[in-house]
Amino acid sequence: MHRVSQILKITILIVLFGQLVQGQSTKFNAPIVSEELVFEEKEGLLAVEAEHFYKQIKSEIRAWYRTSKEETPRVGRDEDEQHCFGASNNAYIEILADERVTHADKIVPGENFTNEPGLMAVVHYKVKINTPGRYYVWVRAFSTGSEDNGLHVGINGTWPEHGQRMQWCDGKGSWTWDSKQRTKEVHCGVPNQIYLDIEKPGLHEIQFSMREDGFEFDKFILTTNVDYKPKEEGLEPIVAQGILPTPFPKVEAP
């Protein structure tokens with residue numbers, strides 16, 4: 001009888017711990033900014049921290065989760081370590097679970113991969129554009145393999161062809177800026193082919209969606225200058241409306 005009681009207690013503790021972890025992870029995929037927060041473009045440049053999305057949708061199968069010094073989501077498979085050191089604002093978001101880590105892992109469309117933009121794990125950002133035109137999209141990402149380096153970008157609920165299939169091949173194992181589009185002929189991506197045409201000034205929404213699970217996303221920049229290339233952590237965001245949350249704690253070098 002005593003042994004049964006002990007087993008029952010252990011089972012209850014395991015269940016409670018699992019619920020606690022699940023609850024914390026759910027919190028890590030929720031927005032930390034309000035719907036009122038709007039980022040502003042000035043002189044053809046706009047910067048936004050990835051973790052400052054105001055809304056996430058289509059997150060039933062895969063979702064973006066925030067990682068910082070004090071926040072480590074536990075959601076299914078995720079074999080690599082956290083990469084807060086060197087991340088802008090000391091935090092980033094990642095698509096979890098990361099079930100397709102290597103090329104040997106089975107590809108499951110609609111689960112660990114989607115070539116269709118806007119289908120899974122979509123995060124939204126409000127921006128104010130003062131200068132209409134063609135904006136080239138740069139994203140700072142951390143890739144550790146061949147199956148965590150694809151992303152889609154869109155605007156105002158649409159997914160233009162030149163926002164699809166962003167691709168990273170260079171800079172493995174470090175935070176890397178890039179702006180290339182994967183094509184049938186060039187799998188590592190063609191430069192200057194990821195852009196959004198914004199015809200009118202005013203309020204717009206930029207959204208990013210999953211292409212491959214395990215993608216780690218730190219920051220994005222929009223620029224009208226085709227020759228522009230971000231450096232290090234990139235520009236500081238400019239806020240047109242709303243309040244930014246407190247910066248995340250600094251992470252020491254590993």
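Predicted model: local features only at pLDDT ≥ 70, side-chain atom pairs only at ≥ 80, totals over all residues.
1. Residues are numbered from 1 along each chain as its sequence is written, and side-chain values use heavy atoms, with hydrogens and water left out.

2. The disulfide joins C169 to C188, with an S to S distance of 2.2 Å. C169 lies in the loop between β9 (166–167) and β10 (175–178), and C188 in the loop between β11 (180–181) and β12 (190–191), so the pair ties together parts that are 19 residues apart in sequence. The torsion about the S-S bond of C169 and C188 is about -90°, and the disulfide is therefore left-handed. Strands here are DSSP runs (E, at least two residues), numbered from the N terminus.

3. C84, by contrast, is buried, with a relative accessibility of 0%. The terms follow relative accessible area, computed with a 1.4 Å probe on protein chains only: buried is under 20%, exposed is over 50%, and partly exposed is in between.

4. Strand β6 (residues 122–129) is mostly covered, since seven of its eight residues are buried. With strand β14 (residues 202–210), β6 runs antiparallel and is joined by eight bridges; within this pairing H124 stands opposite Q207. Two strands are said to pair if DSSP finds at least two bridges between them.

5. Strand β1 (residues 38–40) runs parallel to β6 and is joined to it by two bridges, with F39 opposite V127. Strand β3 (residues 55–57) pairs with β6 in the antiparallel sense over three bridges, and there I57 stands opposite V122.

6. Some backbone geometry deserves a separate check. Most residues other than glycine have a negative phi, and most peptide bonds are trans.

7. Positive phi values occur at two glutamates, neither being glycine. E43, with phi near 55°, has its place in the loop between β1 and β2 (45–49) and counts as exposed at 81% relative accessibility. E232, with phi of about 45°, lies in the loop between β15 (216–223) and β16 (239–241) and is also exposed, at 70% relative accessibility.

8. The largest pocket holds about 150 Å³ of space. Its lining comprises 13 residues, of which T72, P73, R74, D78 and D80 lie nearest the centre of the pocket. A pocket is an open set of points on a 1 Å grid over the protein atoms alone, where a 1.4 Å probe fits, with protein on both sides within 12 Å along at least five of seven lines, and lining residues have an atom within 4 Å of a point. The volume is the space filled by probe spheres set on the points, which are joined across faces, edges and corners.

9. By residue class, the lining of the largest pocket divides into six charged, four polar and three nonpolar residues. Asp, Glu, Lys and Arg count as charged; Ala, Val, Leu, Ile, Met, Phe, Trp, Tyr, Cys and Pro as nonpolar; and the others, Gly among them, as polar.

Note on methods: Helix = DSSP H or I, 4+ residues; strand = E, 2+ residues; numbered from the N terminus. Disulfide = S-S within 2.5 Å.
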